[in-house]
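Dear colleague,

Here is the structure for your files. My notes on it follow below.

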Amino acid sequence: FREYIVDRCVFNSSELNDIEYITSEFYNKLEYARFSSSVGKYVGYTEWGVKQANYWNSQTSYIEGLKAQKETYCLNNVGIDYRAA
């Protein structure tokens with residue numbers, strides 16, 4: 001059994017408005033919850049994921065931190081990747 005998290009940035013340009021930060025939670029290769037900066041909250045995909053998403057969404061400081069990841073994690077790295085492409 002494995003639990004892991006995948007963070008990624010989806011972008012069309014290096015502008016902050018065109019960047020989406022996504023973090024996905026997996027257990028045994030099954031994605032059970034996902035946070036997307038374009039949605040602004042977690043969405044659950046399994047029964048356990050829905051419960052977890054509801055809990056995480058109730059933690060406003062945690063969600064605000066994830067929303068800030070779009071700028072702190074993605075903006076710098078996307079700018080580097082976009083210029084290299």
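The protein chain has 2 helices and 4 strands, where helices (H or I, at least four residues) and strands (E, at least two) are DSSP runs, numbered from the N terminus. From the N terminus on, the order is β-β-β-β-α-α.

This is a predicted model, in which local features need pLDDT of at least 70, side-chain atom pairs count only at pLDDT 80 or more, and totals for chains, interfaces and linings use all residues. Residues are numbered from 1 along each chain as its sequence is written, and side-chain values use heavy atoms, with hydrogens and water left out.

Of the 85 residues, 31% count as buried; buried means under 20% relative accessible area, exposed over 50%, and partly exposed in between (1.4 Å probe, protein chains only). Among contacts (heavy atoms within 4.5 Å) with a separation of 6 or more, 34% come from residues 24 or more positions apart.

By the rule used here, a pair of cysteine sulfur atoms within 2.5 Å, the chain has 1 disulfide. That disulfide joins Cys9 to Cys74, with S to S at 2.0 Å. Cys9 lies in strand S1 (residues 3–11) and Cys74 in helix H2 (residues 60–84), so the pair, 65 residues apart, links distant parts of the chain. The angle about the S-S bond is -85 degrees, a left-handed link. Cys74 is buried, at a relative accessible area of 0%, whereas Cys9 is partly exposed, at 22%.

Regards
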